Amino acid sequence: MTYFDRFAIPHPSPAIYASMVAIGLTVIAILFGLTYFKKWGYLWREWLTTVDHKRIGIMYLIAALLMLFRGGVDAIMLRAQTAVPDNTLLDAQHYNEVFTTHGVVMIIFMAMPFIYALMNFIVPLQIGARDVAFPRLNALSFWLFFMGAMLFNISFVVGGSPDAGWTSYFPLAGNDFSTSVGTNYYLLSIQIAGIGTLISGINFMTTIFKMRVPSMTLMKMPMFTWTALITNAIVVFAFPVLTVVLLLGTMDRLFGTHIFTMTNGGMDMLWANLFWVWGHPEVYILILPAFGIYSEIVSTFSRRNLYGYKSMVASIVIISFLSFLVWAHHFFTMGQGALANSIFSITTMAIAIPTGIKIFNWLLTMRKGRIEFTVPMLYTIGFIPIFTIGGVTGVMLGMASADYQYHNTMFLVAHFHYTIIPGVVFAMLAGLTYWWPKMFGYMLSEKIGKWAFWFIAIGFNVTFFPMFFTGLDGQARRMYTYSEATGYGPLNLLSFAGAIVLMAGVAILVYNIYYSTRYAPRNIGSDPWNARTLEWATQSPVQSYNFARTPHVESTEAFWDHKKKGKPLFKGKIEKIHMPNNSGMPFIMSSIFFVWGFSFVFSMWIPAIITTIAIFACMAHRSFEKDDGYYIPVEEIEATEKDSEVLTDETR
Ligand code: HEM
Ligand SMILES: [Cu+2]
């Protein structure tokens, strides 16, 4: 391959050219719009340089929704290709690339930022903090994630997408079998985003341990904050493994080492092991915040406190611990022997116990509650049976001997979509709808939201339920086509139809955002759901400094106590508030990381060296910078607090 061939467009198909034109036109339109409306300054001052956890949360949210679209397009292409036997819409190579990017985009670049969007926005508010512990690092986390995502997303037009699956098993992902630069993109873009996530993990753990209002002991933390704490603890332990395994993979591909090769002393199974030592905890990084969101919602809309708070806390702690002990269940069939398989079978099935406890706690919270069927509550109620199917099929897969039958079939695909979609996507949509008024000061339309819910819930089941059967019937995952004689045709067509319904549901959701932004009433007060935790004791949208005075907390539901039992929430005088300054450095440094990653993808060593030096220069600059932040004076706070319902009334 000559030097420039590597940059070539991998699939000279009309779809790729059309995408390129669309991307080009969109970029031009955005640049033109920003210039025409003179918004460059606003964009830079208010967003690109912000260190405010609320704005960073909103940027994560926008990124997550964009990636949901990208991953969704991939998904439709996959379902369309397999909708009928012997289809030729995509060829095998193209299909490989699409399922790879679908998986990576959805897990790393959609679910992760969605979780961090809500954690960023809500956690500091729930613990009564001014911001996260390290606001500027928080901005760096976001921009590293964002630049990683952008690097990954250009792969399909510059040089080719990765094609070895989201699990990227070596030696398949090695130079011998993956000849384009695609896997380089995989290794470097996830590396960049992953460093951002690791920084977030440290940041949020510190925040939750050190920044809570003094009266909030650990066992008075709202459940979402608990799950955020444990999730970030998993991040801190799991992500370094990812960093290392990606680095080793990069060395094999770019520098000719033999770590994961079949020859010269390499060990191909080492990749599978290390990947899943990160990968299985990762699925719990995805699911635990969702458990937190559902816990908040279920108690708000059942109008009672969460049943079994302590057992909830215990079960997430146990889950997080067990999540590190099950990784080998992903390759029972790859020859580690009966003893290892038995041990991992047992640890895997053990996870179902704490998970079951949580399910019963939610059900018992609803029992005797006065349930209100709002959109967030619909997602929660929908989640319970669907996720239970996901969990039960997980236990089926966890039986090593039975897994020889299910492994790498569509049954597995059905399993993990039955956990991840109700577990993560439903939860994020529930959380988004629930906290939307806190974020933006108006509510999403309940009526349109319910339509979206039903389309999504029905579409989801129609898409994925048939896969349990095609899987048991022997249809392998990741096969780009099948013959008519297999008989898989009708159920796959049904899946495709379901995917269309699911996509329509997402379109309705997007329409809801548009519609509500235009027409929803703005005078809804700061607590439209009659909720229970501290974030609702701020104004909507929230002031830059969050709380004018430090709240006083006596239980997990401080705001509810305040409303119902008249417990005073805010005491003392308003004092001046210290705030961090904005900074362009996280954005600039992450942009350099983008060029750094791109240089490595194409083995362009001179820019790689220059950008490496530049990254260290940025860090050195930060070390010598004198930046003490600034104070918001008391008069300004009093002026903004004047019309706040919660704060003016001291004794209510
Ligand atoms: C009771 C709980 C669960 C059990 C017992 C369980 C068990 C398993 C097992 C044994 C496999 C490997 C099967 C095979 O490759 O043949 C698997 C795969 C998978 N599970 Fe679960 N699981 C559970 C919950 C979850 C949750 C909560 C998530 C995500 C939020 C999840 C996501 C996945 C994913 C993504 C894969 C497939 C990865 C791949 O090969 O691409 N699982 N699960
Ligand atoms: Cu697993």
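Is Asp527 buried or exposed? Asp527 is buried, with a relative accessible area of 19%; here buried means under 20% relative accessible area, exposed means over 50%, and partly exposed is what falls in between (1.4 Å probe, protein chains only).

Before the points themselves, a word on conventions. This is a predicted model, in which local features need pLDDT of at least 70 and side-chain atom pairs count only at pLDDT 80 or more, while totals for chains, interfaces and linings use all residues. Residues are numbered from 1 along each chain as its sequence is written, chains are lettered from A and ligands numbered from 1 in the order in which they are written, and side-chain values use heavy atoms, with hydrogens and water left out.

1. **The partner of Asp527.** Let us stay with the opening residue. The side chain of Asp527 meets that of Lys563 in a salt bridge, at 2.5 Å from N to O; the term stands for a side-chain nitrogen of Lys or Arg within 4 Å of a carboxyl oxygen of Asp or Glu. Because Asp527 lies in the loop between α16 (489–519) and α17 (558–565) and Lys563 in helix α17, the pair ties together parts that are 36 residues apart in sequence. Lys563 itself is partly exposed, with a relative accessible area of 24%. Helices (H or I, at least four residues) and strands (E, at least two) are DSSP runs, numbered from the N terminus.

2. **Other salt bridges.** A search of the whole structure turns up eleven salt bridges. One of them joins Glu625 to Arg136, whose closest N and O atoms are 3.1 Å apart. This pair links distant parts of the chain, 489 residues apart: Glu625 is in the loop between α19 (605–624) and β2 (630–632), and Arg136 is in helix α5 (residues 135–154). Glu625 is partly exposed, with a relative accessible area of 29%, whereas Arg136 is buried, with a value of 12%. Both residues belong to a network of salt bridges that also takes in Arg622 and Asp627. Asp52 and Lys54 form another salt bridge, with their closest N and O atoms 3.2 Å apart, and both of these residues are buried.

3. **What surrounds ligand 1.** You will find 21 residues around ligand 1, and the closest are Trp166, Asp403, His407, His415 and Arg477; a residue is near a molecule if one of its heavy atoms lies within 4 Å of it. The shell divides into ten nonpolar, nine polar and two charged residues. For this division, Ala, Val, Leu, Ile, Met, Phe, Trp, Tyr, Cys and Pro count as nonpolar, Asp, Glu, Lys and Arg as charged, and the others, Gly among them, as polar. Helices α8 (268–302), α12 (375–398) and α14 (410–440) each supply at least two residues of the shell, and the largest share, six residues, comes from α12.

4. **Oxygen atoms of ligand 1.** Several side chains are worth a look here. Asp403 has a polar side-chain atom 2.5 Å from an oxygen atom of ligand 1. For His407, the distance from a polar side-chain atom to an oxygen atom of ligand 1 is 2.7 Å. Arg477 places an N or O atom of its side chain 2.7 Å from an oxygen atom of ligand 1.

5. Donors are N, O and S atoms within 2.8 Å of the metal (3.2 Å for Na, K and Ca); water is not among the atoms, so sites may look incomplete. His329 counts as buried, at 14% relative accessibility. The iron atom of ligand 1 and the copper ion are 4.8 Å apart.

6. Leu48 lies in helix α2 (residues 40–48) and is buried, with a relative accessible area of 15%. Leaving aside neighbours within four places in sequence, Leu48 is in contact (heavy atoms within 4.5 Å) with Leu43, Trp143, Ser583 and Phe587. The C-alpha atoms of Leu48 and Pro586 are separated by 8.8 Å, although these residues are 538 residues apart along the chain. His94, in helix α4 (residues 92–126), counts as buried at 11% relative accessibility. With neighbours within four places in sequence again left aside, His94 is in contact with His11, Ser13, Ile16 and Met77.

How values were computed: Polar contact = N/O pair within 3.5 Å; in protein donor to acceptor, adjacent residues only side chain to side chain.
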